[in-house]
Amino acid sequence: MPQPPTFFDGAQHFRMDRTTIYSIAGNYSVNVSNVQMDDLVRRLNPILDASHTRNRKRSPPDSECFPGTREEPIQEIVVWVDSGEMYRLCTGKASLLRPAEYTTIKTPHVYWLHGFAGCGKSSISLAVAKIYAGSGRLLASYFFFRGAGDRGTMNRFAVTLATQLIAAIPAAAPLVEAAMRAEPGVVTGDASLAMQLDLLLLSPFLAVVDDATLAETLAKGPFLIIIDGLDECEDKQAVEELIDHILKFFEEHPTVPLRIFIASRVERHIRVCLETDGVVLGNLDSHSADRDIEKFLEATFATVAKKDRVVKAYVRTRGSWPTESDKRKLVEHISGSFVLASTMFKYIVQPPTREYPTTPMERLPLTLGMNGLDGLYSQTLAHSQHLPHFSKIISTITLLKTPLPIVEISAILGIEAFEVVCVLLNLQAIIHVPGTDEEGEVTPCHTSLRDFLTTESRSGPFFVPPSFHLYLSYYCFSSIIERNDGQTGDYCWINFDRHWKLFARSGDCDFLTEIEQFKARQPLLVKRVTYHAFLSSMFFYTIIDLPIYQLLNDPPYLLTEWANQLVLAAECPGPHTQCWLEKGLHYGDPVLSTVQFTEDELKTLQHALQHTSTAIRANVCLLNFTLPLFYNLKIPM
């Protein structure tokens with residue numbers, strides 16, 4: 001009798017409970033009827049809105065191939081996935097003078113589809129995912145998106161794919177559970193990305209892929225994993241580790257029935273890793289999209305002509321709209337960018353507002369004068385530029401760690417929800433605005449908007465500088481102190497110090513200059529928590545956070561300015577001062593630091609601390625706030 005297969009060779013203290021292994025026609029099958037799948041998923045803690053099945057209106061990118069478009073590149077990917085051991089690779093496109101040229105190679109396990117921003121990569125990824133989900137061969141899909149919390153990192157990438165693995169192949173569930181027990185770090189993130197992928201995804205797949213129950217599925221072809229928007233991952237080193245480990249895995253297991261499809265822009269760190277013999281390179285830019293975009297425009301404008309009363313009246317009087325000439329000009333102007341085509345269409349047909357009551361017929365020629373996406377973004381943003389709080393609202397949406405509903409954005413900024421709505425109503429061509437203020441997140445329709453806004457040479461007056469993280473830190477800090485209804489609790493508690501770090505560590509802004517400008521602007525924020533309380537808290541945080549402390553290279557300034565701001569905060573009347581002192585804000589763990597002072601600086605610091613102590617009359621909260629600092633910095637009282 002053949003020996004049972006071994007799983008996770010080399011693992012120690014390894015145990016599999018509640019699992020029975022049966023021999024079926026010479027193969028081994030795992031009975032998972034007793035595995036608590038829901039509990040396992042809960043412990044894996046995956047990102048639920050990262051796959052192709054997510055609600056795209058709430059979790060971008062909201063892109064899908066228009067029916068009848070992008071058929072050629074999709075078919076090329078399908079041919080690769082379904083190829084057996086050998087793959088017919090196109091080495092030369094057909095022309096009027098010669099047929100296409102092909103060569104036969106051993107089928108690579110990895111396909112990299114690359115192209116410029118907005119050319120339709122995510123739409124193709126979605127289409128391919130749907131094809132293989134329908135045949136039962138989609139093992140997992142993951143759509144990265146920068147600025148969407150963990151979806152823009154590798155933090156929960158492996159656990160998310162593992163969750164989809166056990167849904168696609170339930171027999172893998174006990175193996176994933178056993179891996180979690182053997183190496184808890186694969187779930188907490190303490191294990192390396194390579195180990196997470198091995199124990200949670202690749203090894204379980206290898207262990208069950210020969211199961212007789214999968215024979216019918218595998219007869220159709222290999223399983224597929226889709227990774228879209230890899231350039232959206234903020235951790236470049238982790239991206240390189242992912243690619244290197246995948247390629248090494250396939251070198252060690254050349255016959256494994258698994259394909260991995262990757263779609264991204266051509267970023268250097270990705271290109272260097274993927275331009276190798278073991279990868280099919282698919283250049284989406286080489287596929288002309290003009291005919292597909294023409295199909296999209298014809299169908300979408302035809303739908304508008306049937307529904308929009310103004311357009312219907314115009315067509316009855318003037319004839320068809322847009323004209324064939326208009327459509328040709330639009331296709332030429334769009335130059336193969338599907339995101340530009342979609343955004344231009346939304347801009348042209350969006351409902352008129354009181355500020356901009358133009359009709360679609362008047363807006364169409366305006367789009368032809370715009371300089372691509374940048375021009376369209378500038379033109380659209382200008383519609384709300386004059387409204388109150390415009391800059392704060394746009395900057396906040398751009399730099400938030402995770403997208404938030406309208407009510408939470410307004411609570412953080414200390415303004416009314418209707419003021420946020422007023423700004424966003426004119427921007428629906430480029431920003432997704434949820435149907436209610438309380439539910440659904442405000443998100444850019446495409447990542448290119450965030451790129452535009454954070455690049456000064458492109459966005460000009462709409463530029464969102466990294467120094468705005470200082471203001472976001474202040475707004476979050478103020479919301480924590482001022483509000484007790486929990487409306488901004490989670491985001492602000494978790495991220496008020498993160499935004500400060502991003503500001504303090506940014507090499508693109510001068511720390512001291514920005515702090516002085518922040519002070520100068522504070523009379524506009526008199527209804528918020530005093531900025532003295534904020535600055536004293538954050539200077540304290542900077543002092544105990546050694547990496548920032550070393551970067552700023554001016555310890556005496558930090559300490560004396562902290563003490564001065566503490567004095568001013570203690571002397572400020574108002575209902576929030578006591579609340580601020582009593583609030584248990586977490587600034588990190590103190591570290592041991594040695595600081596050299598001149599005699600005058602030391603006297604100034606001692607005087608400020610004595611002054612503060614007098615102002616608050618030895619408040620216990622103050623002692624809790626300052627004593628750890630005195631102890632670690634060896635400051636004599």
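Trainee: Why is arginine 42 counted as exposed?
Mentor: Arginine 42 has a relative accessibility of 55%. Exposed means over 50% relative accessible area, buried under 20%, and partly exposed in between (1.4 Å probe, protein chains only), so arginine 42 counts as exposed.

Trainee: What kind of model do these values come from?
Mentor: This is a predicted model, in which local features need pLDDT of at least 70, side-chain atom pairs count only at pLDDT 80 or more, and totals for chains, interfaces and linings use all residues. Residues are numbered from 1 along each chain as its sequence is written, and side-chain values use heavy atoms, with hydrogens and water left out.

Trainee: What makes arginine 42 and aspartate 39 a salt bridge?
Mentor: Their side chains meet at 2.4 Å, N to O. The rule asks for a side-chain nitrogen of Lys or Arg within 4 Å of a carboxyl oxygen of Asp or Glu, so this pair qualifies. The two residues are three apart in helix H1 (residues 37-44), which separates them by about one helical turn. Helices are DSSP runs of H or I with at least four residues, strands are E runs of at least two, and both are numbered from the N terminus.

Trainee: Which class does aspartate 39 fall into?
Mentor: Aspartate 39 is partly exposed, at 25% relative accessibility.

Trainee: How do you know that glutamate 441 and arginine 58 form a salt bridge?
Mentor: Their closest N and O atoms are 3.8 Å apart, which is within the cut-off. This pair links distant parts of the chain, 383 residues apart: glutamate 441 is in the loop between strands S10 and S11, and arginine 58 in the loop between H1 and helix H2. Arginine 58 is partly exposed, at 41%.

Trainee: Why is arginine 137 called buried?
Mentor: The relative accessible area of arginine 137 is 4%, so the residue falls in the buried class. Its side chain meets that of aspartate 82 in a salt bridge of 2.8 Å, N to O. Arginine 137 lies in the loop between helix H3 and strand S6 and aspartate 82 in helix H2, so the pair ties together parts 55 residues apart in sequence. Aspartate 82 is partly exposed, at 36%.

Trainee: Which residues do salt bridges with shared partners join into one network?
Mentor: That network consists of Asp39, Arg42, Arg43, Glu177 and Arg181. The count for the model comes to 21 salt bridges.
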